[in-house]
Amino acid sequence: MSGQFEATIEINRPVEAVFDYLADGRNDPQFSPRVLKIERVPDAPTTVGTVFRSTVKDAGMKTAREFRITVLEAPVRIRWAEVSKNSVTASEGGYDLEPMASGGTRVRIFNVLEGHGLGKLLVGLALAAARKDAASFGARIKAAAEAAIQPR
């Protein structure tokens with residue numbers, strides 16, 4: 001079983017700045033409390049093939065995660081795929097960014113969750129929790145990006 005969750009938000013910052021902020025996965029702990037630590041490999045600007053290695057806490061358990069950037073089209077599209085072997089993974093995820101007439105940016109985030117092994121029994125619960133939190137997750141991204149990016 002697999003399924004998708006998504007959220008759409010409007011960030012009151014220019015699309016180029018929002019893209020740069022989101023493309024640097026090291027910013028994820030600013031809006032995702034489950035991310036305990038994260039590093040970019042190699043430690044250079046994000047490109048297709050860059051891997052972000054993280055330690056996350058889900059349902060009280062710490063797991064190691066690795067996501068590889070698969071598409072990077074500045075300033076409108078970022079895609080990733082989880083390459084770590086966990087019971088529930090994000091086989092695909094991404095951000096779609098759209099400049100708004102106001103000078104802000106509309107952002108859609110999504111993740112496709114897949115279960116592996118025992119995770120096939122757990123993915124439905126993970127997906128339900130992610131969908132329930134999607135609007136709040138989007139709001140956390142908006143708040144973090146607006147705090148980190150200076151207005152023009």
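Predicted model: local features only at pLDDT ≥ 70, side-chain atom pairs only at ≥ 80, totals over all residues.

On to burial. Of the 152 residues in the chain, 43% are buried.

Next, the overall form. The C-alpha trace spans about 50 × 35 × 25 Å along its principal axes. The radius of gyration of the chain is 15 Å, and this agrees with a compact globule, because a globule of 152 residues would have a value near 15 Å.

Now the elements. How many helices and strands does the chain have? There are 2 helices and 7 strands. In sequence order they run β-α-β-β-β-β-β-β-α.

Contacts come next. Take those between residues at least 6 apart in sequence: 47% of these contacts join residues at least 24 apart.

Then the charges. The chain has 21 positive and 18 negative charges. The mean position of the positive charges and that of the negative charges lie 5 Å apart.

Last, one residue. Where is E16 found? E16 sits in helix α1, which covers residues 15-23. Its relative accessibility is 41%, so E16 counts as partly exposed, since that class lies between the cut-offs of 20% and 50%. As for distance, E16 and G49 are 33 residues apart along the chain, and their C-alpha atoms are separated by 21 Å.

That is the end of my part.

How values were computed
Residues numbered from 1 in each chain as written. Heavy atoms only, no water. Helix = DSSP H or I, 4+ residues; strand = E, 2+ residues; numbered from the N terminus. Rg over C-alpha atoms; globule rule 2.2 N^0.38 Å. Buried < 20%, exposed > 50% of the residue type's maximum accessible area, 1.4 Å probe, protein only. Contact = heavy atoms within 4.5 Å. Lys, Arg positive; Asp, Glu negative; His and termini not counted. Charge placed at Lys NZ, Arg CZ, Asp CG, Glu CD.
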